[in-house]
Amino acid sequence: MGSENLNEKGELYIQGGIRKSQLHRNQYTISLMNAGLRAGFLSSHEMLRIQNVFMQILQELINRYTQGESTSVTTETAENILTSIMYASDAYLYSFDEPEKALTYLKTIDVRRIYERGVEKVSQCFIETKQLYKEIMANKLEIPVVAYNMTIDESLPVFLRKYGIIFDAHNTMASIDYPLAIDDMQLQGVFYMKQYMERLKMETEFCSLFDQKELLELLVHYGRECRFNYRIELFNIYELMLNNAIFSILSGGEGDEVRISESQYKRLEQQFMSLTESQIRSVISDAMISLQQKLALHSQLKEYMNGYKENLVQRVANAAKHNSLRTIIITEREEGSKSLVLKFTEKDRMSDIQLRKLLHQIMACKRKEEKVKLILSNFQFFHDYLDMLESDCLYGDEYVALFHAFGDMELAILGKIVFYEELRSETLDLSSILLLENEHQIEWQLRFVQCLQQMNRERIQAIGNYMNEMEFEQMNFY
Amino acid sequence: MSRIFNSLYVSMQEEHLTEILDLNEKTQEYGLVLTLKDVQCMIAARSQVLYGYGRVELGIEVTKEFIEEFSKSSFIQQENYVDALNELHEIFYYLKNETEDKIGDMKLVHKMKEVFENDCEGSLDLLKSRLEEYAEEFRRQLMKESFLEGEDENWDLKI
């Protein structure tokens, strides 16, 4: 469209047209006006007139914001309100496919009407977002993944409760932990949230197409593979399911399965190791099409899935090169045969009143031996021990005295908590972890490490063995 | 964003100048008059104060209220008129920040006038120091209140 020229400032512009892709999605109106001015669509006089109307709107909103009590506000508040005004204007002007048409509107139509139509668009988007939330809530997966549950149960409702269309339209107002497979962080405010929820809904819909028992098993196998507690880690469940469904197809399984046996894994490993990147792309594409057909997916979900394809291709190609396919292809990992069964029954925990009373008694004891005796004779359940350790009712060598009174098993359980990060590395055993110079901020953890460091090699070995035999899914602390 | 604010100030200043000059009709009876140059200087000083205290004000109502209220005072003479107005702006925006925007504009202007007339007998230095104490007490009350009852946006110290 048109030829390219240099304007008086030496900037390149397209004669006769402005490309939408070259404008900023955030602050679209400002970017559009600047481009219009450069391309000669807008005169500086018109620009000033438009700016003045925005400022008049700002002035009125400041008045509304302070409920008529004050005509001045802090710069921060004024900028926030102005950004909110521009967000609404962006919402309306961005809806035009051609930027020139949007500019013509700015020039000829009352800017106030543009703002009002923008507010209507933002309001409409908010209504749709609320509706999406209801659908997400109704179809939520039954899985013990904290980030997923917290995002749906707490973060999204906070946004829906706090979002302000007039004064805070650009504000996203929610701390979302659960990561999507594909996220566009360029968006802000309710447009971001709507997109997040649309994608979350699609991802959930996809995961619901599979046997939920298989989904739960996959999470457990994933946790074992990564040597972490999958309940508290941040990862995308849809990605995990989609990958394994594709690998299932590629290794002769069904499309609606996510289980990958050891023999299937071997087959896949052999296949991927011998393929080039473009061949990997080709087999993954075919498997994705086959999966989409088998599951009879709708076009939006297909499109979303296709958007993720290249990511998977790169990961597989990379993993094949580094011989680490097991981190992507999650196979059925059996628990160690000697696994210990530990009881962490939640219902048998002490009541808050009981616990407080005991902590008070412990603190009142003068000698550390008395404290240890009191603890050993009154605490039985692991959660209560943790509460006690975190209550700071012990000091310095009182911790050491308590840890010395514990058996190897109790110390191993504490070790699983204290060395959670270090245990992620398969190469580290307890003795090498103890040689690391890690700073523990919490006092009981610091004392615990010091205490272990003073123990003899045989004892460390015995505690380390217990730790290896323990799985995180047996320890539900949250 | 700041470019937009600046362009607005420029375009609004014309309008503000006229509005303020129109007030001469009222203040003349107290022997107080502002020339165009006085008003320009005052508006420039006011912008500086607003910038310094990190505030934005698009209207001119507070300045107009100062002129209307303080011109009645027997302590304000033509010689110290502009300086007094500049000083009042300085105190006002300082107080807006220090009282966390919890006191309405008109309430604050009237409070300033009352203290200026009675406690301070026309001394702007004294007014400044009295109001600093007042702001300190206000904040103390605010903290006490929010500590006891949590955030309460409707709380207002009686003035």
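In which helix of chain A does V146(A) lie? V146(A) belongs to helix 6 of chain A, which covers residues 146-162. The model is a predicted one. Over all chains it holds 28 salt bridges and 31 aromatic pairs.

**Surface patch**
- V146(A), together with M150(A) and I232(A), makes up a nonpolar patch on the surface, and the accessible area of the three is about 210 Å² together.
- V146(A) is itself partly exposed, at a relative accessible area of 34%.

**Salt bridges in chain A**
- K201(A) and E135(A) form a salt bridge in which the closest N and O atoms are 2.8 Å apart.
- This pair ties together parts that are 66 residues apart in sequence, because K201(A) is in helix 7 (residues 189-208) and E135(A) is in helix 5 (residues 111-138) of chain A.
- K201(A) is partly exposed, with 29% relative accessible area, and E135(A) is partly exposed at 26%.
- A network of salt bridges links K213(A), E214(A), E217(A), R259(A) and E332(A).

**Salt bridges in chain B**
- R46(B) and E57(B) meet through their side chains in a salt bridge, at 3.4 Å from N to O.
- The pair links distant parts of the chain, eleven residues apart: R46(B) is in helix 3 (residues 36-52) of chain B and E57(B) is in strand 1 (residues 55-57) of chain B.
- R46(B) is buried, with a relative accessible area of 3%, and E57(B) is buried at 1%.
- A salt bridge also joins K96(B) to D105(B), with 2.8 Å between the closest N and O atoms.
- Both K96(B) and D105(B) are buried.

**Aromatic rings**
- The ring centres of Y134(B) and F138(B) are 6.3 Å apart and the planes stand at 50°, so this pair is tilted.
- Y134(B) and F138(B) are separated by about one helical turn, because they are four residues apart in helix 7 (residues 124-149) of chain B.
- Y134(B) counts as buried at 12% relative accessibility, and F138(B) is buried with a relative accessible area of 0%.
- In chain A, ring pairs join Y385(A), Y399(A), F403(A), F406(A), F419(A), W444(A) and F448(A) into a cluster.

**Charges over a ring**
- Two charged residues of chain A are placed over the ring of Y94(A).
- K20(A) lies over the face of Y94(A), 4.1 Å from the ring centre.
- R25(A) has its charged end over the ring of Y94(A), at 3.9 Å from the centre.

Notes. Residues numbered from 1 in each chain as written. Chains lettered and ligands numbered in written order. Predicted model: local features only at pLDDT ≥ 70, side-chain atom pairs only at ≥ 80, totals over all residues. Heavy atoms only, no water. Patch = residues over 30% accessible without salt bridge, like charges linked within 9 Å, V, L, I, M, F, W, Y side chains within 5 Å. Areas by Shrake-Rupley, 256 points an atom, 1.4 Å probe, with all protein chains shown as cover. Salt bridge = Lys/Arg side-chain N within 4 Å of Asp/Glu carboxyl O. Helix = DSSP H or I, 4+ residues; strand = E, 2+ residues; numbered from the N terminus. Buried < 20%, exposed > 50% of the residue type's maximum accessible area, 1.4 Å probe, protein only. Phe/Tyr/Trp six-rings, centres within 6.5 Å; stacked < 30°, edge-to-face > 60°. Lys NZ or Arg CZ within 6 Å of the ring centre and 35° of its normal.
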